[in-house]
Structures are given as C-alpha cells and as structure tokens.
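Welcome! Take a moment to look over the sequence and the fold, and then let us walk through them together.

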Amino acid sequence: MSGFSRTVTCVVPGFSRTVVEVHDACLADATVRDSFPPMIRRLNHPNWGTRVSAAAIEDCTAELEQGAVLFLPELAFDVRWDEKPHFSPTVAAAKNVSFDPSTGRLGGAAVKNVRDAQAETPGSLDSLSAMLGRFSAAAASLVDALFPTYGPRLQRARASFRPAEIAGRQTTWRHDDTRLHIDSFPATPVQGRRILRVFTNVNPDGRSRSWRIGEPFEDVAQRFGGQLRLPLPFSGVMLKAVGITRSRRSAYDALMLQLHDRMKADLEYQTKAPQTAIDFPAGSTWIAFTDRVSHAAMAGQYQLEQTFLLPVDAMEQPERSPLRILERIKKRALV
Ligand SMILES: O=C(O)CCC(=O)C(=O)O
Ligand SMILES: [Fe+2]
C-alpha cells in the first residue's frame with residue numbers, strides 16, 4: 001500500500017514504546033502517535049471543486065475503499081464573519097445540529113429565528129442553515145471531484161455542525177463516540193450501502209480534533225463476528241411498522257449495530273486493540289468510509305460533517321465492503 005514510507009518510534013504517556021510506520025508527509029501536518037499504522041493518505045488539494053489527476057483519483061478511491069482515511073491538510077472551510085455567532089455550544093439543543101440538504105431544514109438547533117425586516121439576523125436559523133447548506137454543497141463538489149467514478153450513485157444524506165466539546169461529555173456508553181466504533185445508524189438503516197463522511201475542523205481557536213483509529217475492519221469482524229446474532233425473520237419489517245426505524249432494518253444493519261455496540265461495550269478492547277492517535281488540525285478536512293474505519297473522537301470542538309451513502313455495487317471493489325465481509329463470515333446474504 002502506498003502511503004507508508006518510513007518507520008518512526010514514538011513514546012506516548014500511558015502506552016508502551018512502539019514503532020509505527022506512517023506516511024512521511026503526514027507528520028508535518030497531523031500529529032500521529034501510538035501503536036498501529038492506520039492508512040492515512042495525504043492529498044494536497046486546497047479547494048472544494050477542482051478535479052485531481054486521473055492517477056490520484058484511482059489511488060484515492062482504491063485506498064479509501066481499503067479503509068484509508070484521506071487527509072486534506074490544506075482544505076479549510078471559510079466561515080463568513082456574520083456566521084461567527086454560531087460558534088457557541090448553545091446553538092445546539094444537544095450535541096449536533098443536523099441539516100437536510102434536500103429541504104434546507106435544520107434539526108436540533110437551539111437558536112431562535114429572529115427575523116429582521118432588512119435581512120437575515122446573524123445567529124438566526126436562516127444564517128445557520130445557509131452555512132450548513134454552503135458546506136454541504138462544497139462537500140458534494142469535493143467528493144464529485146475526488147471520486148468521479150461513483151458519480152450520481154453517491155447519495156448526499158444529512159450534514160451536521162458539531163459545536164460541543166467532545167472531551168469529558170457525559171453520555172451513555174452506546175452514544176459515547178470517544179470509544180472505538182464503526183458507524184451504524186439505529187433509526188436510518190442503510191441496507192448494505194456504504195457510509196462515506198467528509199469532516200472539516202472549523203475550530204476558530206486553532207484547536208485540533210483528536211481521533212483514534214483502530215484496526216482494519218476484517219480484523220474487527222473476525223474478532224467479534226462469532227458474537228453477532230442474525231435477527232429474527234420479519235423483525236426488520238416490525239421495527240419499521242412501529243416507527244423505530246425509517247426503513248426496514250436488514251440483517252446487515254442488525255449485525256452492524258451489534259458490532260458497533262460490542263466494540264464500545266468492551267473496555268478491554270478499547271484500551272488493548274491496535275490503534276493510533278491522530279490530531280486533525282483546525283482548517284483541515286478528512287474523508288473516510290466510517291462504516292469500515294474503526295474510529296473514536298477524543299477531543300475537539302466545532303466541526304462540520306457531511307454524510308454520503310453509496311450502493312455497494314457502485315464501489316470499485318465491492319468485496320471490500322462491510323456487507324461482503326460480513327456475508328463471507330456469516331456465509332449468507334444479509335440484505
Ligand atoms: O465528531 C467526530 O469527530 C466524529 C464522531 C463520530 O464518531 C461519529 O459521528 O460517528
Ligand atoms: Fe463514528
């Protein structure tokens with residue numbers, strides 16, 4: 001795999017002395033620590049829309065599908081001066097404000113829509129929605145530029161603004177994203193589709209967003225596969241009928257939810273699993289298939305995120321999808 005080019009030795013408080021291999025260039029812009037060499041593919045791409053070379057596209061797509069995090073250290077999102085009032089944890093009723101790009105609607109915002117006779121009032125819902133709309137469109141042009149082979153099959157789902165400090169947040173173990181996990185949505189089943197996410201650190205004080213990245217999905221699936229139980233027939237249809245899910249929860253969705261929970265519930269796994277800490281600087285962007293990349297967000301405040309869904313048959317290498325990997329382990333179709 002390209003992307004690993006030299007070996008460095010790191011000593012991290014609380015961890016043993018370890019040798020990691022990382023992409024040379026990554027070290028300049030992101031701080032990588034710990035014990036496991038994640039696939040971090042750096043791409044110097046300072047704008048949201050311009051196509052990159054065919055060779056870079058081929059590499060990026062292949063590596064992303066293999067579980068790499070694509071790191072764009074120079075790609076910042078410009079926040080307008082009149083959007084600055086949104087940079088307070090009080091704009092969100094809970095952790096995040098969500099944005100539906102198909103309607104422009106916000107969810108979870110605590111700000112009031114104070115309408116000014118002249119224009120949008122800074123700090124209003126309209127202004128917050130406009131900021132998220134601009135980010136959502138920028139993220140869509142970025143993935144179109146970087147992964148043109150996915151084309152229109154890549155569906156744009158929700159975006160979010162994350163104004164809360166992550167470190168020290170009180171929450172249940174299941175909602176605790178400071179524990180290593182793969183993404184799986186309880187209320188919105190994906191029926192095998194991939195979850196591709198674009199993250200941009202918009203911290204105004206220059207603070208990094210600190211993540212841990214865990215072992216490859218194949219290893220996670222092997223480790224926990226035996227504990228994952230196939231759901232009862234028709235349970236997926238029932239969950240939709242009673243309104244717990246928006247669409248049918250497939251066997252795949254049920255297994256991925258269990259995997260998410262097994263990982264988070266296992267405290268020994270959390271500390272002992274192969275993992276690497278990485279700090280994404282303010283003003284940088286990163287992209288990953290988060291249904292495949294084991295990750296945990298440890299610290300940081302103010303982030304924008306856009307989710308995309310991709311059918312498995314639109315991938316260059318569908319056999320790398322969690323769906324196909326779990327189907328191989330379970331020896332049966334899961335959607
Ligand atoms: O907010 C972050 O940096 C990532 C949190 C996370 O794991 C998630 O949203 O699934
Ligand atoms: Fe996550």
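## The nonpolar core

In this predicted model, the largest nonpolar core is made of 72 residues. Those with the most contacts inside it are Val-69, Leu-70, Val-97, Ala-109, Leu-128, Leu-255 and Trp-286. Helix H3, residues 125–146, gives this core its largest share, nine residues. As a general background, nonpolar side chains tend to be buried together in soluble globular proteins.

Beyond its neighbours within four places in sequence, Leu-128 is in contact with His-86, Val-91, Val-97, Leu-106, Ala-109 and Val-111.

## Helix H3

The 22 residues of H3 reach 31 Å from the first C-alpha to the last, close to the 32 Å expected at 1.5 Å a residue. Among the buried residues of this helix are Leu-125, Leu-128, Met-131, Leu-132, Phe-135, Ala-139, Leu-142 and Leu-146. Some serines of H3 are buried too, including Ser-127, Ser-129 and Ser-136. A helical turn has 3.6 residues, so residues three or four places apart point the same way.

What lies over these buried residues? The cover includes helix H2 (54–65) and the strands E6 (97–100), E7 (105–107), E8 (155–162), E9 and E14.

Strand E9 covers residues 194–201, and eight of its eight residues are buried. Arg-194, Leu-196, Val-198 and Thr-200 point one way, while Ile-195, Arg-197, Phe-199 and Asn-201 point the other way. Residues on both sides of the strand are buried.

Which strands does E9 pair with? Eight bridges join E9 to strand E14 (residues 303–310), and the two run antiparallel. Within E14, Thr-307 is the bridge partner of Arg-197. Another five bridges link E9 to strand E12 (residues 285–289), again antiparallel. Here Thr-200 has Thr-285 of E12 as its bridge partner.

## Around ligand 1

Which residues surround ligand 1? They are Arg-162, Asp-177, Asp-183, Phe-199, Arg-209, Thr-290, His-295, Ala-297 and Gln-303. By type, this shell divides into two nonpolar, three polar and four charged residues. Phe-199 also belongs to E9, where this residue is buried.

Ser-210 sits in strand E10, residues 209–214. Is Ser-210 buried or partly exposed? Ser-210 counts as partly exposed because 19 other C-beta atoms lie within 10 Å, and a buried residue needs 20 or more.

Ser-210 and Phe-280 are 70 residues apart in sequence, yet their C-alpha atoms are 6.2 Å apart in space. Leaving out residues up to four places away in sequence, Ser-210 touches Ala-277, Asp-279, Met-298, Ala-299 and Gly-300.

## Two positive phi angles

Most residues other than glycine have a negative phi. Phe-234 has a positive phi of about 75 degrees although it is not a glycine. This residue is found in the loop between helix H4 (217–225) and helix H5 (235–241). Phe-234 counts as exposed because it has 10 C-beta neighbours inside 10 Å.

Lys-331 also has a positive phi, near 55 degrees. Lys-331 lies in the segment after helix H8 (322–330), and with 6 C-beta neighbours inside 10 Å it counts as exposed.

## The whole protein

Stepping back, the secondary structure comes to eight helices and 14 strands. Of the 335 residues, 39% count as buried. Among contacts between residues at least 6 apart in sequence, 77% join residues at least 24 apart.

Conventions. Residues are numbered from 1 along each chain as its sequence is written. Chains are lettered from A and ligands numbered from 1 in the order in which they are written. This is a predicted model: local features need pLDDT of at least 70, side-chain atom pairs count only at pLDDT 80 or more; totals for chains, interfaces and linings use all residues. A nonpolar core is a set of buried Ala, Val, Leu, Ile, Met, Phe, Trp, Tyr and Cys residues joined through C-beta atoms within 7 Å. A residue is buried if 20 or more other C-beta atoms lie within 10 Å of its own, exposed if 12 or fewer, and partly exposed in between; C-beta atoms are placed from the backbone. Helices (H or I, at least four residues) and strands (E, at least two) are DSSP runs, numbered from the N terminus. Two residues are in contact if their C-beta atoms, placed from the backbone, lie within 7 Å. A residue is near a molecule or strand if its C-beta atom, placed from the backbone, lies within 6 Å of it. Ala, Val, Leu, Ile, Met, Phe, Trp, Tyr, Cys and Pro count as nonpolar, Asp, Glu, Lys and Arg as charged, and the others, Gly among them, as polar. Two strands pair if DSSP finds at least two bridges between them. The expected span of a helix is 1.5 Å times one less than its number of residues.
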